[in-house]
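Subject: Structure for your review

Dear colleague,

Please find below the structure that I would like to hand over to you.

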Amino acid sequence: MPMDTTALKSFLAVAEMGSFTVAAAHLNLSQSTVSGHIRKLEERLQAQLFNRTTRRCELTTAGEALCVRAQEVVGAADRLIEAFVPSYLGGAIRLGIPEDYHLFPAIMAAIQEFLASRPKVSVSIDASLSERHRKGLRDGYLDLAVMRRPVGPDTDPTLARSPLVWIADPGLDLDGDAAIPLAHVSGPCQYFRAASAVIEAAGDQWRSACSCSTLEGVRAGVRSGLGVGAMPIEDCTDPSLIRSHPRLPPLPQFSLIVEVSSVDPPVIVRALADRLRRFVGQVA
């Protein structure tokens with residue numbers, strides 16, 4: 001009895017997302033099509049694969065047994081197709097990237113090159129903080145992400161590195177004993193964390209003077225004299241804002257990493273991750 005890998009992909013999507021509606025949207029299919037795939041699988045296997053409730057679909061014992069085998073079958077089929085006819089593969093990839101604007105052109109070029117031979121694949125992009133992307137990978141809202149990470153002893157030496165710099169309006173007075181006013185991205189921002197950490201390590205004080213949801217907002221706050229910011233040197237579009245002062249300690253370097261949401265991701269996710277890793281090795 002032949003087994004349709006398309007139906008197996010629908011099954012795996014529902015199993016992962018717990019919803020026919022969400023799985024259908026992820027696969028770019030109608031909900032009725034996905035439901036039909038699951039119904040045919042259940043008829044062929046003569047087993048109920050999901051316990052359906054009004055809120056969520058959960059795998060039955062038979063569904064759990066199928067899940068492992070389905071991943072093996074779909075993975076093998078996709079790897080074969082990717083090797084010979086990548087244009088046949090389809091699907092939606094959810095990608096997280098940093099909001100660092102200087103990275104956008106190179107990342108988009110890498111995606112365009114990837115999609116050129118895969119017209120049935122779509123990529124949705126979320127530009128946000130790396131900490132939010134890590135949560136998205138853990139919770140299954142993202143398939144892969146390009147993220148910032150401070151350079152440390154275990155950092156891959158082949159990865160490009162980007163130094164953080166202090167930026168401030170030339171007229172901002174930092175002399176005296178008042179707490180250093182920081183302008184920063186709101187939320188769990190690694191640049192803000194690094195800036196406040198080095199100030200504290202130097203025995204000085206800081207205060208949050210201005211927070212914004214975007215780096216562009218931080219730059220605007222800095223240009224207005226509201227505070228001091230920290231960002232990659234490539235994102236400082238106005239060199240006159242780069243500031244040195246005895247009260248501003250050296251900042252760490254950051255590198256880029258690419259992570260996927262699962263140990264054995266779909267072939268198209270793995271292929272895009274590999275292409276982005278090549279990009280990461282060239283640009284910080």
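The notes below begin with the whole protein and then turn to its helices, its sheet and a few single residues.

Overall picture

Please bear in mind that this is a predicted model. The protein has 9 helices and 10 strands. Along the principal axes, its C-alpha atoms fill a box of roughly 80 × 40 × 35 Å. Of the 284 residues in the protein, 46% are buried. Among contacts with a separation of 6 or more, 75% are between residues 24 or more positions apart.

Helix α1 covers residues 5-17 and helix α2 covers residues 20-27. The two pack at an angle of about 125 degrees, and their axes are 8 Å apart. Angles from 65 to 115 degrees count as roughly perpendicular and those over 145 as roughly antiparallel, so the angle of about 125 degrees makes α1 oblique to α2. The crossing of α1 past α2 is right-handed. On the α1 side, the contact is made by Lys9, Ser10, Ala13, Val14 and Met17. On the α2 side, Phe20, Val22, Ala23, His26 and Leu27 take part. By class, the residues of this contact are 7 nonpolar, 2 polar and 1 charged.

The contact of α1 with α3 has 7 nonpolar residues, 3 polar residues and no charged ones.

The six-stranded sheet

In what order do the 6 strands of the open sheet stand? The order is β4-β3-β5-β10-β6-β9, and the pairing is mixed. Strands β4 and β9 stand at the edges, each with a single partner strand, so one side of each has no neighbour in the sheet. From one strand to the next, the twist averages 30 degrees.

Strands of a sheet pair through backbone hydrogen bonds, either parallel or antiparallel. Several pairs in this sheet can be followed in the model. Strands β5 and β10 run antiparallel and are joined by 7 bridges, with Leu144 opposite Val260 in β10. Strands β6 and β10 are also antiparallel, joined by 3 bridges, and Ser162 stands opposite Phe254 in β10. Strand β6, residues 161-167, pairs with β9 in the antiparallel sense over 4 bridges. In that pair, Leu164 has Pro232 of β9 as its bridge partner.

Helix α6 packs on the sheet, where it touches β3, β4, β5 and β10. The direction of α6 makes about 135 degrees with that of β5.

Helix α8 and its surroundings

Helix α8 spans residues 215-223, and its buried residues are Leu215, Gly217, Val218, Arg219, Gly221 and Val222. The buried residues of α8 pack against β6, β7, α7, β8 and β9. After α8 comes Gly225, which has a positive phi near 85 degrees.

Is Ser128, at 14% relative accessibility, buried or exposed? Buried means under 20% relative accessible area, so Ser128, at 14%, counts as buried. Ser128 lies in the loop between β4 and α6. Leaving aside residues up to four places away in sequence, Ser128 touches Ile97, Pro98, Glu99 and His133.

Gln46 lies in the loop between α3 and β1. Exposed means over 50% relative accessible area, so Gln46, at 74%, counts as exposed. Gln46 is not a glycine, yet its phi is positive, at about 55 degrees.

I hope that these notes will be of use as you examine the model.

Yours sincerely

Notes. Residues are numbered from 1 along each chain as its sequence is written. This is a predicted model: local features need pLDDT of at least 70, side-chain atom pairs count only at pLDDT 80 or more; totals for chains, interfaces and linings use all residues. Side-chain values use heavy atoms; hydrogens and water are left out. Buried means under 20% relative accessible area, exposed over 50%, partly exposed in between (1.4 Å probe, protein chains only). Contact means heavy atoms within 4.5 Å. Axes are lines fitted to C-alpha atoms, for helices over the stretch in contact, and angles run from 0 to 180 degrees between N-to-C directions. Angles under 35 degrees count as roughly parallel, over 145 as roughly antiparallel, 65 to 115 as roughly perpendicular and the rest as oblique. A crossing is left-handed if the near helix is turned anticlockwise from the far one by less than a right angle, and right-handed if clockwise. Ala, Val, Leu, Ile, Met, Phe, Trp, Tyr, Cys and Pro count as nonpolar, Asp, Glu, Lys and Arg as charged, and the others, Gly among them, as polar. Two strands pair if DSSP finds at least two bridges between them.
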